[in-house]
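Please look over the sequence and the model below before reading on. The paragraphs after them go from the whole chain to single residues.

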Amino acid sequence: TIHLTPLSAQTYVWKDGHALVENPDCITFVKPQMGAQVYDSVDNGEHFDYLFTYPTTDHAGKPCVQSAVLYLKAAQRTSKHIGKMAMYSHYTIMSSGEAPTDGNFDLQAVGLGKGLAVVAADYEGFGATGDRIQAYCFAEANARASIDALLAAREWLAEQGYTLSDSILNYGYSQGAQTAMAALILSQTEYRGKVRFLKTIAGAG
C-alpha cells in the first residue's frame, strides 16, 4: 500500500499496473501519473512559469507525486529553443507558502539571468505534498525529487515541440547546496546515462 496522490489523502493498492483507490464509498481504478502534468501557468512578463506535478519517490523510497516549476524566458517560448537548462535546489523553507510553486522566486533569477530555462522542485512536504512532514536534509530524497522534476520538465518540453540541448547547470543554496551535491553523486550513479551536469554550484552563507 502506498500514498500516491498529493492533493488529497487517498490510499492506493497496486493491481495489474493500475491503482485501486480505496475510500469508504467506492473502489475505482485509476492510472498512476506518468510524466509532467502542467496544472497552472503564470505570465510574469520577462519569464513564464509552468507549475506541474510529476512522479518521483519520497524519503522512504515509495512512489509519490510532487510539484515543481519550470521557468522559461519569453524569448525561449517564442523561439521554441531551449539552450542550456538549470536545476535549482532551494534553501530551507518552513511552509508551502515559501515553495517555488507558491511564487517564491529569488535565486531562480540567477539561472534565468544567464538565459537558462530553470526547473525548481518544491521537495517533499511542500506544494503538492504539503500535508506531509518536510524531508528536511534528506539529501538523496530531495536530489531525486529535483532530478525527476528536471527529467519530467525536459520530456514535457520535447512533447511541446521545443528543441533541447544536453547542457545542464546544477545549483543550490544552503540546504539546496546539500541537495545539489547529492544530485551530482546520483547523476554519476543511479541516474547515469539519464542526466549529466555541465557544472555544479553549491552555495552557502
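Predicted model: local features only at pLDDT ≥ 70, side-chain atom pairs only at ≥ 80, totals over all residues.

Residues are numbered from 1 along each chain as its sequence is written, and side-chain values use heavy atoms, with hydrogens and water left out.

The secondary structure of the protein comes to 4 helices and 12 strands; helices (H or I, at least four residues) and strands (E, at least two) are DSSP runs, numbered from the N terminus. Of the 205 residues in the protein, 45% are buried, where buried means under 20% relative accessible area, exposed over 50%, and partly exposed in between (1.4 Å probe, protein chains only). The protein exposes about 10100 Å², and carbon and sulfur atoms supply 54% of this area; accessible areas come from the Shrake-Rupley method with a 1.4 Å probe, and for residues only the protein chains shown count as cover. Among contacts between residues at least 6 apart in sequence, 61% join residues at least 24 apart, a contact being heavy atoms within 4.5 Å.

Next come the empty spaces. Rolling a probe the size of a water molecule over the atoms shows where empty space is left. On a 1 Å grid over the protein atoms alone, a cavity is a set of points where a 1.4 Å probe fits but cannot get out, and a pocket is an open set with protein on both sides within 12 Å along at least five of seven lines; lining residues have an atom within 4 Å of a point. Grid points are joined across faces, edges and corners, and a volume is the space filled by probe spheres set on the points.

The largest pocket has a volume of about 180 Å³. Its lining consists of Lys84, Met85, Gly111, Lys114, Leu116, Ser167, Ile168, Leu169, Leu198, Lys199 and Ile201. The elements that give two or more residues to this lining are β11 (168–173) and β12 (199–203). By class, the lining of the largest pocket has 6 nonpolar, 2 polar and 3 charged residues; Ala, Val, Leu, Ile, Met, Phe, Trp, Tyr, Cys and Pro count as nonpolar, Asp, Glu, Lys and Arg as charged, and the others, Gly among them, as polar.

The structure also holds 1 cavity of 30 Å³ or more. The largest cavity has a volume of about 40 Å³, and the residues that line this cavity are Tyr88, His90, Tyr91, Ile93, Glu98, Pro100, Asn104, Asp106 and Gln108. By class, 4 of the lining residues are nonpolar, 3 polar and 2 charged.

Leucine 72 is found in strand β6 (residues 63–73) and, because its relative accessibility is 0%, counts as buried. Leaving aside neighbours within four places in sequence, the contacts of leucine 72 include Phe48, Tyr50, Leu112 and Leu157.

Phe48 and Tyr50 return among the aromatic residues, where they form one cluster with Trp156. The structure holds 5 aromatic pairs; rings of Phe, Tyr and Trp (its six-membered ring) pair if their centres lie within 6.5 Å, and planes under 30 degrees apart count as stacked, over 60 as edge-to-face and the rest as tilted. Tyrosine 50 and tryptophan 156 form a tilted pair, 5.0 Å centre to centre with 55° between the planes. Tyrosine 50 lies in strand β5 (residues 47–57) and tryptophan 156 in helix α3 (residues 139–159), so the pair ties together parts that are 106 residues apart in sequence. Both tyrosine 50 and tryptophan 156 are buried. Phenylalanine 52 and tyrosine 54 form another tilted pair, at 5.8 Å centre to centre and 55° between the planes. Phenylalanine 52 is buried at 2% relative accessibility, and tyrosine 54 is buried at 0%.

Valine 195 lies in the loop between α4 (175–187) and β12 and is buried, with a relative accessible area of 7%.

Last, the backbone. Most residues other than glycine have a negative phi. Tyrosine 123 has a positive phi of about 80° although it is not a glycine; this tyrosine lies in the loop between β9 (117–121) and α3 and is buried at 2% relative accessibility. Serine 174 has a positive phi of about 60°. Serine 174 is found in the loop between β11 and α4 and is partly exposed, with a relative accessible area of 38%.
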